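Biologist: Before I plan anything around this complex, could you take me through it, one question at a time?

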Amino acid sequence: MDKLKEYLLSHQAELDVDPPANDSWENIASKLRPGPGFSRRVIGYAAAACVIALAGAGLWMVMQGKKGSADIAKHVTGEAEKGGANGVAHGPKAEVGQGPAKGVAEEAAGAVAQGPAKVGQGPAKGGAEEAGGRRHKARARRRPAERPDEIEAIDKSYSSLIDYQLKKLRATPLYAEDGHYFSFYTEQFKQMDRDEQQVRNDIKTYGLTGEFLEQLINVYQQKLNVLKNLQTEINKMNNKVREKQSPSGKAEVHYLNI
Amino acid sequence: MYNICIRMTGNASDAQDMLQDAFIDAFRHLGQLKQPGAFGGWLRRITINKCIQFSKNHVRWSSLDQDEETPVADQESAWWLNVPLALVQEEIKNLPGGCREVFVLFALEDFGHKEIARDLGVSESTSKSQYQRARKLLRERITKKVHLDG
């Protein structure tokens, strides 16, 4: 090795004779301390991030809404056509002129007008597919249940409403048709029961997440809508029969088994 | 650390800046230090890198420098043995930019010429010639001072 290098390396500590300035530490400390500019900058970035996130969420909701409306319109139109065919096939007492075909068409129009908030309100098969898709997404984000009593509270309030509506329907006499005539509605209701059971199973397995809760509420709302539509349809038909019937004539009475 | 900076930059003001930058960098990236015991060496390396960066931006390397490679190391006597080290430090600081950085990195930080050439962005022969130049200047200047002071 170079002898000068060797000498200097071995006496390096003795070479260090220059002291740093007295305020060196102070300067370093002041530069390391986050000043007001820093917090202002952080707040600015946070605000910008919030605005971007909100704009993104809004855009996403708008896009989802458009997609949902289009799907419902497409789906409901198909079902209305199917319902029309059923109406003709079941038509021995079609002189009443208010068969399920019209009822489904009305429902379809209503569902489309009500927009994306009632996604899955349409026929049973579509609802099941959508619910299935949502369940897959929910499974991907498994989270433990945070508020187990919450589901119970929602359950109680919706269940009592549905039970009330069901009792009312069961007690309503059917003058024009027997229960089979409304099988479209009853099948739809059964499918929703199955959907509800599936969501409940998911909740048991993965815990109650916001997504599952939303699915459950959707199913309940769909059930209530179906029952309400069924009640309206029965009332309409009964009224027509009453109008046409002579005061002395006795109509055959059926009750719905749902 | 400050002495490394002042030897590399040649003046107190730049050395102070380098020292501050090095400490700030070190504290901000403290999470990257895996062994706390190695803090000294880690900080030293950061300081040297800061100084190298500073030198790269401030030193102008002349093409003539590359021809000055004269192997004096083996020929000269050990003139430094009786020289006060404070004087050596002073004269290192007074060396011209270019040869000063090479001398400090090679003789005091134990870098090889290959490493110096890579870090400073010069050729290996430039590094060698700058080192010889620094040695020559140091000897001349220190000898002269020692003679003057008696």
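Modeller: A definition comes first: a residue counts as buried if 20 or more other C-beta atoms lie within 10 Å of its own, and as exposed if 12 or fewer do. Please keep in mind throughout that this is a predicted model.

Biologist: Is B:Asn82 buried or exposed?

Modeller: B:Asn82 sits in the loop that runs between α3 and α4 of chain B, and its C-alpha atom is separated by 9.5 Å from that of B:Val146, a residue 64 residues apart from it along the chain. The count for B:Asn82 is 7 other C-beta atoms within 10 Å. The limit for an exposed residue is 12 or fewer, and therefore B:Asn82 is exposed.

Biologist: How far apart are the end C-alpha atoms of helix α3 of chain B, and what span should its 20 residues have?

Modeller: Helix α3 of chain B covers residues 39–58, and at 1.5 Å a residue its 20 residues should span 28 Å.

Biologist: Within what arc do the buried residues of α3(B) fall, seen down its axis?

Modeller: The buried residues of α3(B) are B:Thr47, B:Ile48, B:Lys50, B:Cys51 and B:Ser55. An α-helix has 3.6 residues a turn, so residues three or four places apart point the same way. The buried residues of α3(B) pack against α1, α2, α5 and α6 of chain B, while the face turned away from them carries the exposed residues B:Phe39 and B:Asn57. Seen down the axis, the buried residues of α3(B) line one face of the helix, because they fall within an arc of 155°.

Biologist: How many of the 8 residues of α1(B) are buried?

Modeller: The buried residues of α1(B) are B:Asn3, B:Ile4, B:Cys5, B:Ile6, B:Arg7, B:Met8 and B:Thr9. What covers them includes α2 of chain A together with α2, α3, α4 and α5 of chain B. Just after this helix, B:Gly10 takes a positive phi of about 85°. Helix α1(B) is thus mostly covered, and the number buried is 7.

Biologist: Which element gives the most to the side of chain A that touches chain B?

Modeller: In this pairing, 21 residues of chain A are in contact with 21 residues of chain B. On the side of chain A, α1, α2 and α3 each supply at least two residues. The residues on that side divide into 10 nonpolar, 4 polar and 7 charged. The element that gives the most, with 6 residues, is α1(A).

Biologist: Which element gives the most to the largest nonpolar core?

Modeller: The largest nonpolar core has 34 residues, and those with the most contacts inside it are B:Cys5, B:Val102, B:Phe103 and B:Phe106. Both domain 1 (1–58) and domain 2 (62–150) of chain B contribute at least three residues each, and α1 of chain A is among the elements that give two or more. The element that gives the most to this core, with 8 residues, is α5(B).

Biologist: Which residue of chain A is in contact with B:Phe106?

Modeller: Leaving aside its neighbours within four places in sequence, B:Phe106 has contacts that include B:Phe111, B:His113, B:Ile116 and B:Tyr131 in chain B. The list also holds a residue from chain A, and that residue is A:Lys5.

Notes: Residues numbered from 1 in each chain as written. Chains lettered and ligands numbered in written order. Predicted model: local features only at pLDDT ≥ 70, side-chain atom pairs only at ≥ 80, totals over all residues. Helix = DSSP H or I, 4+ residues; strand = E, 2+ residues; numbered from the N terminus. Expected span 1.5 Å × (residues − 1). Arc of directions from axis to C-beta. Contact = placed C-beta atoms within 7 Å. Nonpolar A, V, L, I, M, F, W, Y, C, P; charged D, E, K, R; others polar. Core = buried A, V, L, I, M, F, W, Y, C linked by C-beta atoms within 7 Å. Domains from an automatic or database assignment.
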